[in-house]
Amino acid sequence: MFTYAYFFDRPKSKANWTDENTYILCELACEEIEDGNFTAKVWTSQGYKNMKEKYYQKTKLWHPGRKVKNKIQNLKGVYNDWVWLQQQTGCGRGEHGEVT
């Protein structure tokens, strides 16, 4: 169990979402999904806590929960846009998926 001091005595880091840091966050999100901390399209509070803690362990960057939550929401939006674009015609793909 984590204590109040455990989370709040760390210096907060300015959000630095490099490609590597984003990849780490995505890996952690996948782990939390596998652990059952994402139900009915909603993250559990324990899922967010786990992601923040594991992210800190891997990157030594401590972000408040809101920054992690915002980044996850942003990534979901980017992913949904990508899926939508893949379903549209004329996006550089032929009938069989080849690049045109």
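**Close-up views of a predicted model**

View 1. In the protein chain, helix 1 (residues 4-8) has the lowest confidence, with a mean of 48, while helix 2 has the highest, at 93. The score here is pLDDT, the predictor's confidence in each residue, from 0 to 100. Helices (H or I, at least four residues) are DSSP runs, numbered from the N terminus. The pLDDT stays below 50 over residues 1-6, and this stretch has three contacts in the model beyond near neighbours in sequence. Contact means heavy atoms within 4.5 Å. Where pLDDT is low, the predicted coordinates should not be read in detail. The protein chain averages a pLDDT of 81, and 80% of the residues score at least 70.

This is a predicted model, so local features need pLDDT of at least 70 and side-chain atom pairs count only at pLDDT 80 or more, while totals for chains, interfaces and linings use all residues. Residues are numbered from 1 along each chain as its sequence is written, and side-chain values use heavy atoms, with hydrogens and water left out.

**View 2. Helix 2 against helix 3.** The axes of helix 2 (residues 19-34) and helix 3 (residues 45-59) come within 10 Å and cross at roughly 140°. Axes are lines fitted to C-alpha atoms, for helices over the stretch in contact, and angles run from 0 to 180 degrees between N-to-C directions. The two helices are therefore oblique to each other; angles under 35 degrees count as roughly parallel, over 145 as roughly antiparallel, 65 to 115 as roughly perpendicular and the rest as oblique. On the helix 2 side, look for N21, I24, L25, E27, L28, A29, E31 and E32, which meet G47, N50, M51, K54, Y55, K58 and T59 in helix 3.

**View 3. Helix 2 against helix 4.** Helix 2 and helix 4 (residues 65-87) pack at about 90°, their axes 11 Å apart. That makes helix 2 and helix 4 roughly perpendicular to each other. Helix 2 brings T22, L25, C26 and A29 to this contact, and helix 4 brings V68, K71, I72 and L75.

**View 4. A closer look at K54.** K54 sits in helix 3. With a relative accessible area of 23%, K54 is partly exposed (buried means under 20%, exposed over 50%, partly exposed in between, with a 1.4 Å probe and protein chains only). Leaving aside neighbours within four places in sequence, K54 is in contact with L28, E31, E32 and D35. K54 and L28 are 26 residues apart in sequence, and their C-alpha atoms are 7.3 Å apart in space.
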